[in-house]
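Here is my note on the model. Keep the structure open beside it and check each point as you read.

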Amino acid sequence: MDRIAGLRDRLGIAYGGDYNPEQWPQEVWDEDVRLMKEAGVCLVSVGIFSWASVEPRPGRYDFGWLDQVMDRLADGGVAACLATMTASPPPWLTARHPEILTVRADGRTISPGGRQHYCPSSPVYREHAVRLAEQVAARYAGHPALAIWHVGNEYGNVVPCHCEASAQAFRRWLEDRYGSVEGLNDAWSTSFWSQRYGSFSEVLPPRSPAPFPNPAHDLDYARFTSDELLACYLAEKAVLQDITPDVPVTTNFPPSLRPVDLWTWAPHVDAVAYDAYPDPADTGAAAKAAFTYDVMRSLRGGQPWLLMEQAPGAVNWRPRNAAKPPGVMRLWSWQAVAHGADAVMFFQWRQSRGGAEKFHSAMVPHAGPSSRIFSEVRELGRELAAARALAGARAPGADVAVVLDWPSWWALEGDAHPSSHLRFLDAAWACHRPLYDAGVACDVVAPDADLAGYRLVVVPNLYLASADAGGNLERYVEGGGTLVMSFFSGIVDPCDRVHLGGYPAPFRRALGLRVEEFAPPAAGEPVALSEGSGSVWAEEVVPEGAETIVSFTGGALAGRPAVTRHRFGRGTAWYLATRPDPATMRRLFDRIRREAGVEPVLPGLPEGVQARARRTADGLRHIVLNHGPAEAAVELPAPMRDELSGAGPLTTLRLAAGDVALLRPA
């Protein structure tokens, strides 16, 4: 059942933000709805942190205030993304049941006073959370404001728990996974350091062991934590679907993609929802956001996703919280839409007067509706309301796929590796950036995905690779595809055990090489190459059919291959034994994509200009964004009209710095 279709039909591009009326007296609520209508707001997330307000004492519910809020929203034509309110247990619950509090790996217990201070394996927490979700669902089933359910909040920000309840749940999880303690011992290589277990009852969470911990133990605990959080979500979702089967259900994935395996979560949300907080002080913020947005669009096979949170201005949690300059909020909002978002929402509607996030910007800031921020909010709402045709529109099929695997990510960043400076996101950004700069659209896929429709597949890093993943990528190349793989890939199996037979064993045939030894440079030390320079990594590559494209030119690796190309079957596999500098990477990727027949969404884009397309019911629309510091001229392949400015027909689009165009054929 496509429950989300009704939401799109009702709202178009959803626009709004987190609404926390419990922070304000009732006389403010009428002004809120009036200002929402003025700003074009059509959807607000309500009640995310309202547990203590609706259940002030155990089993005693006070929904009167929320009834008034929901009625006001319905009367004002504003829909509610209504939360189950379970993200932050109230003081009475932790006072009565301190055992639900999170225990860190070092044994310290997280105290109440913040948020998300619960153990996801706690049966007491789950019982109370499900009971509250049931009460909320029963109360508001059929309410005219209810449009979508919001379960919990940013589950990936919950600190992994190491308490006794977690230990018991972990043992059950391991027994389900391995069947016997002998299977566990084999998977974890416990013959090393006398770690062999006699029974599952001897297994503990990885509680700050002496250096170095067992990497397979840590990896499985990351898998377990993701699964336990998902179980919390699914328990609440089951209640919601039982009571309101036609109302879509989601939860918002946090800015950090790392904590939970989103390939396992995505099938259980009716729409992917994501909280994006690019840093205005980071000159590469838009490019990094583009990769993340490609992930979100790809999690459910290209289905439009929801930008559930962003900041209209500064946040409050960085060491230095830079404000967004005028126009950047609009530009970055449209970038999300360009990458497939069907909602543009913020944290939060009205800026808090007190509490930990009082300096986090909001749609209605402390300065009130006469502020620059609210003026920009109002204008953006007008534009998005006029772009209703984009709702539900998917991107045309991409020719490029970037491979992402969460267990490999977790394992890559474990201890006791040749270098402690390897980070998956750095690798992903380095490989995605030259495609982004060239205006090439990318999907993001799992290693075992069907790759047949892609001309080019990019593997920024796949340190952990199963035999199935190795076979999948090999068959892709052999069948005529082009593969680019970066260093330290294909090293271990899903249990973090080294693939024997020479690195990178699962990919040696396709790549036409073997890696003899790793030689990572010191932090910040450049790696001399025959073209440009490298960084972060170097290794001794022995060709086994691959030709050398770029060589190392300094040190012990001088003359050895740094970049190789191998014809395999009907396809081609490229390998990067270091990370070339950005300019070299761009030249290299331009060559590779051209040889693979990959073209930009719009050809000839000036530097700093991005373009993406969405296929609407009445034709293709292009969203063009100028992230550069100056006006740019974009030569269009055919006459087009800009639906935002009303200009056209145009054969040359002149776009001011920070400006956006929504183009359709003239």
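1. Start with the inventory. The protein holds 18 helices and 26 strands. Bear in mind that this is a predicted model.

2. Next, the overall form. The C-alpha trace covers about 75 × 75 × 45 Å along its principal axes. A compact globule of 666 residues would have a radius of gyration near 26 Å, and the protein has 26 Å, so the two agree.

3. Of the 666 residues, 58% are buried. The exposed surface comes to about 25100 Å². Carbon and sulfur atoms supply 50% of that surface.

4. Look at how the chain meets itself. Residues 24 or more positions apart account for 71% of them.

5. Charges come next. There are 63 positive and 77 negative side chains. The centres of the two sets lie 3 Å apart.

6. Find the hairpin near the end of the chain listing. Strands E22 (residues 609-616) and E23 (residues 619-626) are antiparallel, with 8 bridges between them. What joins E22 to E23? A hairpin does, through 2 residues. E22 is mostly covered, with 7 of its 8 residues buried. As background, strands of a sheet pair through backbone hydrogen bonds, either parallel or antiparallel.

7. Ala562 belongs to strand E19 (residues 561-568). Is Ala562 buried or exposed? It is buried, because its relative accessible area is 1% and the cut-off for buried is under 20%. Leaving aside neighbours within four places in sequence, the contacts of Ala562 include Leu529, Val550, Phe552, Tyr575 and Thr578.

8. Gln335 is worth a look. This residue sits in helix H12 (residues 328-338). Gln335 is buried, with a relative accessible area of 1%. Which residues does Gln335 touch, not counting those up to four places away in sequence? They are Ala286, Ala289, Ala290, Tyr293, Tyr436, Gln610, Leu625 and His627.

9. Arg108 lies in the loop between helix H5 (91-96) and helix H6 (123-140). Arg108 is exposed, because its relative accessible area is 52% and exposed means over 50%. Apart from neighbours within four places in sequence, Arg108 is in contact with Thr102 and Val103. The C-alpha atoms of Arg108 and Pro637 are separated by 62 Å, and the two residues are 529 apart along the chain.

10. Finally, check the backbone. Most residues other than glycine have a negative phi, and most peptide bonds are trans. Two peptide bonds here deserve a second look. The bond from Phe347 to Gln348 is cis, with omega near -5 degrees. Gln348 lies in the loop between strand E9 (341-346) and helix H13 (372-386). The bond from Gly648 to Pro649 is also cis, with omega near 5 degrees. Pro649 is in the loop between strand E24 (632-642) and strand E25 (650-655).

11. Positive phi values complete the list. Trp193 has phi near 60 degrees, and Trp193 is in the loop between helix H8 (181-188) and helix H9 (215-243). Asp496 has phi near 65 degrees. Asp496 is found in the loop between strand E13 (482-486) and helix H17 (508-511). Although in a loop, Asp496 is buried, with a relative accessible area of 14%.

Note on methods
Residues numbered from 1 in each chain as written. Predicted model: local features only at pLDDT ≥ 70, side-chain atom pairs only at ≥ 80, totals over all residues. Heavy atoms only, no water. Buried < 20%, exposed > 50% of the residue type's maximum accessible area, 1.4 Å probe, protein only. Helix = DSSP H or I, 4+ residues; strand = E, 2+ residues; numbered from the N terminus. Pairing = 2+ DSSP bridges. Rg over C-alpha atoms; globule rule 2.2 N^0.38 Å. Contact = heavy atoms within 4.5 Å. Areas by Shrake-Rupley, 256 points an atom, 1.4 Å probe, with all protein chains shown as cover. Lys, Arg positive; Asp, Glu negative; His and termini not counted. Charge placed at Lys NZ, Arg CZ, Asp CG, Glu CD.
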